[in-house]
Amino acid sequence: MTDHPPPTGPVAREEVDEQVNEQALSAYEQVYDVAVVGAGVVGAAIARDLSGHDLSVVLLDAREDVGDGTSKANTAILHTGFDAKPGTLESRLVRRGYALLSGYAEDTGIPVERTGALLVAWTREELDALPGLRDKAVANGYEHCEPVTADEVYRQVPALGPGALGGLTVPDESIICTWTTTLALATDAAARGTTLLLGHRVEGVERVAGAGPVDGAGAGAGRGDGVTTLRTPRGPVTARWVVNAAGLGADVLDGLFGHERFTVTPRRGELLVYDKLARPLADRIVLPVPSSRGKGVLISPTIYGNVMLGPTAEDLTDRTDTGTSESGFAFLLDKGARLMPRLLEEEVTASYAGLRAAVDHGDYLIEPSPEQGYLLVGGIRSTGLTASLAIAEHVRGVLAEAGLRPAPRPDLPAPPRMPNLGEAFVRPYQDAALIAEDSAYGRVVCFCERVTEGEIRDAYLSPLPPAGLDGLRRRTRAMNGRCQGFYCGARVDALVETKGGTCRANKGGTCQEAAE
């Protein structure tokens, strides 16, 4: 049976750094049962699920933080799967994932708001398509969509522009924090024993056959006997099975295993984020009638109290181009002027862009190659956030069919309780009892987002601390508000430099005082 380390708890920052260095060195010397490549929401979910069984698991990512690729720029909608193509793997896993992630969010404190959604038809063609979309929802197992008149559309969302002809309600669509979801899954995986290797880009693959069955996995593990060594700039990582959840790089890794079954096209989606004062204009998700290129431009409240307009859909060749563009900005303003003119009177807090992994395939690609000890998890679109836990569950089933059948572990730690980033729920600066216990939660650092010194300290004392300022922003919301760090940047930078480590031993004193 594989030995698993106990969950990582809050310790001094120096101890965490030392543990990470020792873990990385030992990682190059052992053979793991499973290596998962890609520490986005899907890869983290897979690592978490597999490490709940009698397996040694390593999770690699080219970036220096978890959830730092496609996952961080998701539109953050918890989908019911009402408009998926019936009968597809995606349809089944989104539906299942909705239930699983809803329960997991409750267990871990991931903020979710059940806002509901309204699909709005602006043309006769779109209006005529609504009954078919309702039928599709029913075929997908979702029976709560209801057609509504134009009058009801404007009753539900009075700020919409003129010209709406009708709509379709989707009452269970929700908004969620995608940042916290990925971090929770990765933290949970680490607590279950997964080794996390960040900054490990896979540049080469070497397969050696005949290394024997997976320890503790039972006699059926013999299919695909052998080991694969993943070559990274920081050292080799060896495993009996490799799961490719590399997102934008999934086709490249697939090619290293000798396959040419799909191509990833980076599809840039730009979004505008409006100030919290705009939130009364959009208390639910406003969806367009979907097209073959995606769900189109939507207006949605965010879990952080803002309103989001977007995304665009622009196919690129550069897989690193997450910059915003003048044309994208103009496109969104034009769409916004028609969808909700009053929204454009509000302040834009931020604009950003993310890259989605668009593929030339109509469904999720989850395909094993047992003779190589290799499993592809590709073609995962934006629905992958919702489907993540179901994808992980499905992956485990596919691996079992390929011969990897480990026993569940009876000694799993409780799932982590994550810091709340949701505006609709109690934040530390509002919690009098918490402040009385630890005054750091009463010292606001970022006033736009009401982020406290205690939250920044806790981020650096967490099992998976931020690798840089962007990671801190995703863990705390610091510098994400109206001023974008103009007023709080210097103080946040000072706290980043201390990494919060000395504050824990000096509760009640500031970071500066502790450093002195």
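**Cavities, strand pairing and local geometry in the predicted model**

Helices α6 and α12 (469–476) each supply at least two residues of the lining of the largest cavity. The model described here is predicted, and five cavities of 30 Å³ or more were counted in it. The largest cavity has a volume of about 100 Å³, and its lining consists of V66, G67, S71, K72, T178, W179, T180, T182, L183, R474 and R475. Within this lining, the greatest contribution comes from α6, which gives five residues.

The structure holds three aromatic pairs. In the pair formed by W179 and Y304, the ring centres are 4.9 Å apart and the planes meet at 20°, so the arrangement is stacked. Because W179 belongs to helix α6 (residues 178–191) whereas Y304 lies in the loop between β15 (298–301) and β16 (307–310), the pair ties together parts that are 125 residues apart in sequence. Both partners, W179 and Y304, are buried. A second aromatic pair, between F486 and Y487, is edge-to-face, with 5.0 Å from centre to centre and 85° between the planes; here F486 and Y487 are both exposed. A further contact to an aromatic ring is made by R457, which lies over the face of Y441 at 5.3 Å from the ring centre.

Strand pairing was examined next. Strand β5 (residues 117–121) runs parallel to β14, to which it is joined by four bridges, and within this pairing L118 stands opposite V286 of β14. A separate group of three strands forms an open sheet in the order β3-β8-β4, with antiparallel pairing. The edges of this sheet are β3 (77–78) and β4 (112–113), each of which pairs on one side only. The antiparallel pairing of β4 with strand β8 (residues 174–176) extends over two bridges, and V112 stands opposite I176 in β8.

Strand β20 (residues 374–378) contains Y374, which counts as buried because its relative accessibility is 0%. The C-alpha atoms of Y374 and V243 are separated by 6.0 Å, although these residues are 131 residues apart along the chain.

Most residues other than glycine have a negative phi, and most peptide bonds are trans. A cis peptide bond joins G310 and P311, with omega at about -5°, and P311 is found in the loop between β16 and β17 (314–315).

Cysteine geometry was considered last. A disulfide is a covalent bond between the sulfur atoms of two cysteines. The structure holds zero disulfides. The sulfur of C483 has its closest cysteine sulfur in C448, at 3.8 Å, which is too far for a bond, given that a disulfide requires the two sulfur atoms to be within 2.5 Å. C483 counts as buried because its relative accessibility is 17%, which is under the 20% limit applied to buried residues. C145 is also classed as buried, at 2% relative accessibility.

Technical notes. Residues numbered from 1 in each chain as written. Predicted model: local features only at pLDDT ≥ 70, side-chain atom pairs only at ≥ 80, totals over all residues. Heavy atoms only, no water. Buried < 20%, exposed > 50% of the residue type's maximum accessible area, 1.4 Å probe, protein only. Phe/Tyr/Trp six-rings, centres within 6.5 Å; stacked < 30°, edge-to-face > 60°. Lys NZ or Arg CZ within 6 Å of the ring centre and 35° of its normal. Pairing = 2+ DSSP bridges. 1 Å grid on protein atoms, 1.4 Å probe; cavity = no way out; pocket = protein on both sides within 12 Å on 5 of 7 lines; lining within 4 Å. Points joined across faces, edges and corners; volume = space filled by probe spheres on them.
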